[in-house]
Amino acid sequence: MTRCVGIDYGRARIGVAVSDESKFLASPHPAIKAGKTLEESAKRLVEFLKSVGPYEMVVIGLPLHLSGDESPMSQEVRKFGTLLETTYNLSVVYWDERLTSSQATTMMKESNHNRKSRAGKIDSMAASLMLQSYLDAPNT
């Protein structure tokens with residue numbers, strides 16, 4: 001069995017989560033500092049992926065408006081995903097990430113994480129929530 005990797009793409013940090021081999025549970029990993037370009041960010045992500053071991057696919061959170069419409073950031077995320085597919089031959093799936101960052105913030109506040117502590121972890125927690133949603137969905 002292989003793992004799935006969840007990505008919460010951002011211009012400053014890329015949140016990362018990895019599933020267990022049975023694809024039952026998503027766990028956050030330290031965020032990756034984004035590069036100045038999409039290409040640099042993709043290269044940094046691929047370096048991280050080498051440390052994960054075998055994985056089946058990359059699930060990238062797609063930022064949508066609450067209405068379900070795509071946002072300008074959705075287009076940037078799709079460009080990033082296309083870059084991963086074409087340059088690195090990765091299997092990419094896009095998954096709705098609406099409200100994952102606010103859920104992650106709430107969870108961390110309830111766990112008494114201060115603002116400074118949350119800043120470095122919120123992206124990967126959001127990636128973990130998004131990936132868990134993907135893993136829990138029927139027919140995935």
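Two strands count as paired here if DSSP finds at least two bridges between them. The strands themselves are DSSP runs of E, at least two residues long, and helices are runs of H or I, at least four, all numbered from the N terminus.

Okay, with that in hand, a word on what's on the screen. It's a predicted model, where local features need pLDDT of at least 70, side-chain atom pairs count only at pLDDT 80 or more, and totals for chains, interfaces and linings use all residues. Residues are numbered from 1 along each chain as its sequence is written, and side-chain values use heavy atoms, with hydrogens and water left out.

So, the overall layout. The protein chain has 5 helices and 5 strands, and along the sequence they go β-β-β-α-β-α-β-α-α-α. Of its 140 residues, 43% are buried, where buried is under 20% relative accessible area, exposed is over 50%, and partly exposed is in between, using a 1.4 Å probe and protein chains only. The accessible surface, from Shrake-Rupley with a 1.4 Å probe, is about 7,700 Å², and carbon and sulfur atoms hold 53% of that. Take contacts between residues at least 6 apart in sequence, and 59% of them join residues at least 24 apart.

R13 has K33 in strand 3 as its bridge partner, while S19 sits opposite A26.

Is strand 2 enclosed or open to the outside? Largely enclosed by the rest of the structure, because 6 of its 7 residues are buried.

What lies across the sheet? S128 counts as buried because its relative accessibility is 6%, and beyond its neighbours within four places in sequence it contacts A17, A26, S27 and P28.

On to the cores. By nonpolar core I mean a set of buried Ala, Val, Leu, Ile, Met, Phe, Trp, Tyr and Cys residues joined through side-chain atoms within 4.5 Å. The largest has 25 residues, and those with the most contacts inside it are I7, I14, L45, F48, I60, F80 and L84. Strand 1, strand 2, helix 1 (38–52), strand 4 and helix 2 supply at least two residues each, with helix 1 giving the largest share, 6 residues. Apart from that core there's another of 10 residues, including M57, V59, L131 and Y134.

Last bit: aromatics. Rings of Phe, Tyr and Trp (its six-membered ring) pair if their centres lie within 6.5 Å; planes under 30 degrees apart are stacked, over 60 edge-to-face, and the rest tilted. That gives 2 aromatic pairs. For Y9 and F80, the ring centres are 4.7 Å apart and the planes at 35°, so that pair is tilted. Y9 is in the loop between strand 1 and strand 2 and F80 is in helix 2, so the pair ties together parts 71 residues apart in sequence. Both Y9 and F80 are buried.

W95 and Y134 have centres 5.1 Å apart and planes at 90°, so they're edge-to-face. W95 is in strand 5 and Y134 in helix 5, 39 residues apart. At 21% relative accessibility W95 counts as partly exposed, whereas Y134 is buried at 8%.

Methods. Contact = heavy atoms within 4.5 Å.
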